[in-house]
Amino acid sequence: MDVVPEKRLALFAEMEDRYEKHDVDYFVKLLDHDDYVVRTRATCILVDFGGEDKIQYIAKVLKNDSNELVRHEAAFSLGQMGYRSGIPHLEDATANDPSMFVRHEAAIALGVVGAKEAKPVLEKALSDPSEPVVESAVVALSNLIFMEKLSKNEKFAKLTGG
């Protein structure tokens, strides 16, 4: 398997140029590229650009991308972005994504964001057939309870990781 074919390398070089120009529209278009590696990288770059206006694009990837790795990256990214507007998308993925890999990451991300309103979804995830999803729900719920009851430092409380 050619991990980095010439075509991908050339595109990465173009992506770097567009990144330096902060070309948001270019990277939004790449979210529909046929190469899942390019879609994953475009997701990360949009998140790096920052701003709540990027949530809609990352949420679309989380909901619709055919590749579980790309959806996993989108779930992780929504957690790292920390916007409350990402919570409904993470709740949906925690409850409904066909991949255990994505459900686990979405649950963790809910804990990172500090989504108290997601407690019912996380409590339901305690019955998920996949042990990593159950464990992730435990981590997220523990973090939410800690944030609610004990922590004086919100940044510290959110350091659950992904």
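User: Which residues form a nonpolar patch on the surface?
Analyst: Met1, Val3, Val4 and Leu9, with about 460 Å² of accessible area together. Areas come from the Shrake-Rupley method with a 1.4 Å probe, and only the protein chains shown count as cover. Patch residues have over 30% relative accessible area and no salt bridge; nonpolar side chains (Val, Leu, Ile, Met, Phe, Trp, Tyr) are joined within 5 Å, like charges within 9 Å.

User: What am I looking at, in terms of source?
Analyst: This is a predicted model: local features need pLDDT of at least 70, side-chain atom pairs count only at pLDDT 80 or more, and totals for chains, interfaces and linings use all residues. Residues are numbered from 1 along each chain as its sequence is written, and side-chain values use heavy atoms, with hydrogens and water left out.

User: Back to Val4. Where is its place?
Analyst: In the segment before α1; helices here are DSSP runs (H or I, at least four residues), numbered from the N terminus, while strands are E runs of at least two. Val4 counts as partly exposed because its relative accessibility is 36%. The classes are buried under 20%, exposed over 50% and partly exposed in between (1.4 Å probe, protein chains only).

User: How many salt bridges does the structure hold?
Analyst: 10, a salt bridge being a side-chain nitrogen of Lys or Arg within 4 Å of a carboxyl oxygen of Asp or Glu. One of them joins Asp35 and Arg8 at 2.8 Å, N to O. That pair links distant parts of the chain, 27 residues apart: Asp35 is in the loop between α2 and α3, Arg8 in helix α1.

User: Are those two buried or exposed?
Analyst: Both Asp35 and Arg8 are buried.

User: What does Asp65 form a salt bridge with?
Analyst: Arg39, with the closest N and O atoms 2.6 Å apart. Asp65 is in the loop between α4 and α5 and Arg39 in helix α3, 26 residues apart. Asp65 counts as buried at 9% relative accessibility, and Arg39 is buried at 7%.

User: And Lys54 with Asp53?
Analyst: Their side chains meet in a salt bridge at 3.1 Å, N to O. Lys54 is buried, with a relative accessible area of 5%, whereas Asp53 is partly exposed at 45%.

User: New topic, α3. What covers its buried residues?
Analyst: The cover includes α1 (6–20), α2 (24–30), α4 (55–64) and α5 (68–81), where contact means heavy atoms within 4.5 Å.

User: What comes just after α3?
Analyst: Gly50, which takes a positive phi of about 80°.
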